[in-house]
Amino acid sequence: MTNTSPHVARFDGKVAVVTGGAQGIGEGYARALAAEGASVAVADLNREAGSSVVKQIRQDGGKATFVEVDVAQPESAEAMAQAVVDEFGGIDLLVNNAAIYGTMKLDLLLTVPWDYYKRFMSVNLDGALAVTRAVWPHMQARGGGAIVNQSSTAAWLYSGFYGLAKTGVNGLTQQLATELGGNGIRINAIAPGPIDTEATRTVTPGNIVKDMVSKIPLKRMGTPEDLVGMCLFLLSDEASWITGQIFNVDGGQVVRS
Ligand SMILES: NC(=O)c1ccc[n+]([C@@H]2O[C@H](COP(=O)([O-])OP(=O)(O)OC[C@H]3O[C@@H](n4cnc5c(N)ncnc54)[C@H](O)[C@@H]3O)[C@@H](O)[C@H]2O)c1
């Protein structure tokens, strides 16, 4: 992945947390935020991959740190937020991107083992809430902030447990917009269509991808770079009157009326 040099440092002096920032889409967000001046905390379960993203950002002249977190554990989310404040002095921006995705089981709601289902939901749905709860007081202390949740077009296409969690993320986004708005904290979601990451290559067989792409108006899969513009826009002051919204970035895969 290439790191484009910034024309305008929109996030100079800002501190951003990107969960699931160790690879794939989250890595793209972390690198782009750093390239536009933010100090970035790559918050992930995967220390090895996360540390290598941090190293790359620093080599490119950006500011970054790795913080290990399990977003499903509220205490872990709180310790992560505190570690970021200790290192960078506060938190302004959060991207709730972590999820079980590339390694997920393919199973049905009627048959998926309970233990697996509960862990899955605690990461893919409750994780966004746990991290938001840990981070928002630090944003409030800085006079406000902005949050982006990572949803998916799966929220409209199917409600297996993956889609169900993303439907929940959309609801969470709308409700938290109401609860956080009075503190000057905005929260929106991006719903990407199929993105060509290692995780998608693992979880979705090639023939399914081909069929999916043929039905997408723009006739290709997305890349993490396709999502970066929307994410950084929603985190920036240009979006200062936008909250509680879910934005599809999907080549036209889902048209909502
Ligand atoms: N790739 C796609 O086609 C696509 C499409 C729509 C939405 N999404 C969403 O985008 C996000 C990233 O997708 P990706 O393709 O980069 O996936 P990925 O599997 O490559 O990345 C997920 C990251 O989350 C981390 N993670 C997993 N569980 C965690 C936990 N409990 N605590 C902290 N970190 C944890 C992983 O270590 C990994 O670094 C996910 O929310 C996914 O659901 C992906």
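The legends below describe close-up views of one predicted model. In this predicted model, local features need pLDDT of at least 70 and side-chain atom pairs count only at pLDDT 80 or more, while totals for chains, interfaces and linings use all residues. Residues are numbered from 1 along each chain as its sequence is written, and side-chain values use heavy atoms, with hydrogens and water left out.

**View 1. The open sheet has seven strands.** The strand order is β3-β2-β1-β4-β5-β6-β7, with parallel pairing. Strands (E, at least two residues) and helices (H or I, at least four residues) are DSSP runs numbered from the N terminus, and two strands pair if DSSP finds at least two bridges between them. β3 (63–68) and β7 (246–249) stand at the edges with a single partner strand each, so one side of each has no neighbour in the sheet. From one strand to the next, the twist averages 20°.

**View 2. Strands β4 and β5 run parallel.** Four bridges join β4 (residues 93–96) to β5 (residues 145–150). L93 has A146 in β5 as its bridge partner. Helix α5 packs on the sheet and touches β1, β4, β5 and β6; contact means heavy atoms within 4.5 Å. The direction of α5 makes about 175° with that of β4, where axes are lines fitted to C-alpha atoms, for helices over the stretch in contact, and angles run from 0 to 180 degrees between N-to-C directions.

**View 3. Helices α4 and α5 pack at an angle of about 40°.** Their axes are 3 Å apart. The two helices are therefore oblique to each other, the class left after angles under 35 degrees (roughly parallel), over 145 (roughly antiparallel) and 65 to 115 (roughly perpendicular). M121, S122, V123 and N124 in α4 meet D126, G127 and A128 in α5. The residues of this contact divide into three nonpolar, three polar and one charged. Ala, Val, Leu, Ile, Met, Phe, Trp, Tyr, Cys and Pro count as nonpolar, Asp, Glu, Lys and Arg as charged, and the others, Gly among them, as polar.

**View 4. The largest cavity has a volume of about 70 Å³.** A cavity is a set of points on a 1 Å grid over the protein atoms alone where a 1.4 Å probe fits but cannot get out, and lining residues have an atom within 4 Å of a point. Grid points are joined across faces, edges and corners, and the volume is the space filled by probe spheres set on them. Of the 13 lining residues, N96, A98, V123, N124 and A128 are the closest to the centre. α4 (114–124), α5 (126–141) and α7 (161–180) each supply at least two lining residues, and α5 gives the most, with three.

**View 5. N248 is in strand β7.** Not counting residues up to four places away in sequence, N248 touches T153, W156, A191, V254 and R256.

Definitions and conventions: 1 Å grid on protein atoms, 1.4 Å probe; cavity = no way out; pocket = protein on both sides within 12 Å on 5 of 7 lines; lining within 4 Å.
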